[in-house]
Amino acid sequence: MSSKDTPAIRQTKGGVQSVERAFGLLECIANSSGSATLSHIAADVSLPLPTIHRLLNTLVNLGVVRQLPDRGYALGPGLVRLGNLAGSQLGQFARPYLRDLVSELGESANVATMDGDMVVYVDQVASQRQMRMFTEVGRRAHMHDTGVGKAMLAGLDAEQVRHIVTTAGMPTPTEFSIGSISALEAELERIRERGYAIDEQEQELGVRCFAMAIPDAPAPLAISVSGPVSRVDQAFADRAIPLLRSAAAQISVDMRGGA
């Protein structure tokens, strides 16, 4: 996606221009896998260089951007606390519905969001069964071989998908993992058609996961249920998919303030 198609700086009605421009710079750096040269930023945001310099200096002084030895710019440590708090709050929105999924289905339920070119798990309610799936909150994983990751990728355009997986790489931890962009694109089309994603033992042998993106979320977000393939079968899917769809819709409503 070119900067002409999607400007880095989005103007909002009644918005403060300097704030919109500052966030535009942050988005530009984030979309460049967390670091960008001045020339790249200038080409993307279409602002005068003096304005860019002034905004970047302010962001550097605030600690949300840092200047690299090669004179490029990267996201700064000041964003870490904000990101952690935002992730925690996303988990809080979903937690009641994760509990309901575990209660109804008996398997672990997760919620995850995008973290640059990876997926990060922001909350989980674990199954009470002795043999269960456990994912550490805060864990980062590749997007192409996770149910939640593929569910979120299915909502992005092809160029964004290619950029993400090219930057992050496409490791194949199991024989079932997707290892090429063409195979991933075909899988994402199937996800769009059926409305949910499946991790078919792609991260870990013996583990299957069903995942669904949260519609109209302010940032890419997905929920999932996962468990051993001996229990998470087609009969399980027939029960789980409607429950996932309902939970995703309710989380979306809650995040919009009940509108």
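Begin with the salt bridges, each of them a side-chain nitrogen of Lys or Arg within 4 Å of a carboxyl oxygen of Asp or Glu; by this rule the count comes to 11. The model is a predicted one, in which local features need pLDDT of at least 70 and side-chain atom pairs count only at pLDDT 80 or more, while totals for chains, interfaces and linings use all residues. Residues are numbered from 1 along each chain as its sequence is written, and side-chain values use heavy atoms, with hydrogens and water left out.

Select Arg 129 and Glu 107, whose closest N and O atoms are 3.5 Å apart in a salt bridge. This pair links distant parts of the chain, since Arg 129 sits in the loop between S5 and strand S6 (140–141) and Glu 107 in the loop between H4 and S4, 22 residues apart. (Helices, H or I of at least four residues, and strands, E of at least two, are DSSP runs numbered from the N terminus.) Arg 129 counts as partly exposed because its relative accessibility is 37%, whereas Glu 107, at 2%, counts as buried; buried means under 20% relative accessible area, exposed over 50%, and partly exposed in between, with a 1.4 Å probe and protein chains only.

Next select Lys 150 and Glu 202, whose side chains meet in a salt bridge of 2.8 Å, N to O. Lys 150 lies in helix H5 (residues 147–153) and Glu 202 in the loop between strand S7 (197–200) and S8, so the pair ties together parts that are 52 residues apart in sequence. Both Lys 150 and Glu 202 are buried.

Then move to Asn 110, which is found in strand S4 (residues 108–115) and counts as buried because its relative accessibility is 2%. Its side chain joins that of Gln 124 in a polar contact of 2.8 Å, a polar contact being a pair of N or O atoms within 3.5 Å where, within protein, one must be able to donate a hydrogen and the other to accept it, and where residues adjacent in sequence count only if both atoms are side-chain atoms.

Of its 29 residues, Leu 101, Phe 210, Ile 223, Val 225 and Leu 244 touch the most other members. Helix H8 (234–255) is one of the elements that each supply at least two residues, and H8 gives the most, with 9 residues.

Methods. Core = buried A, V, L, I, M, F, W, Y, C linked by side-chain atoms within 4.5 Å.
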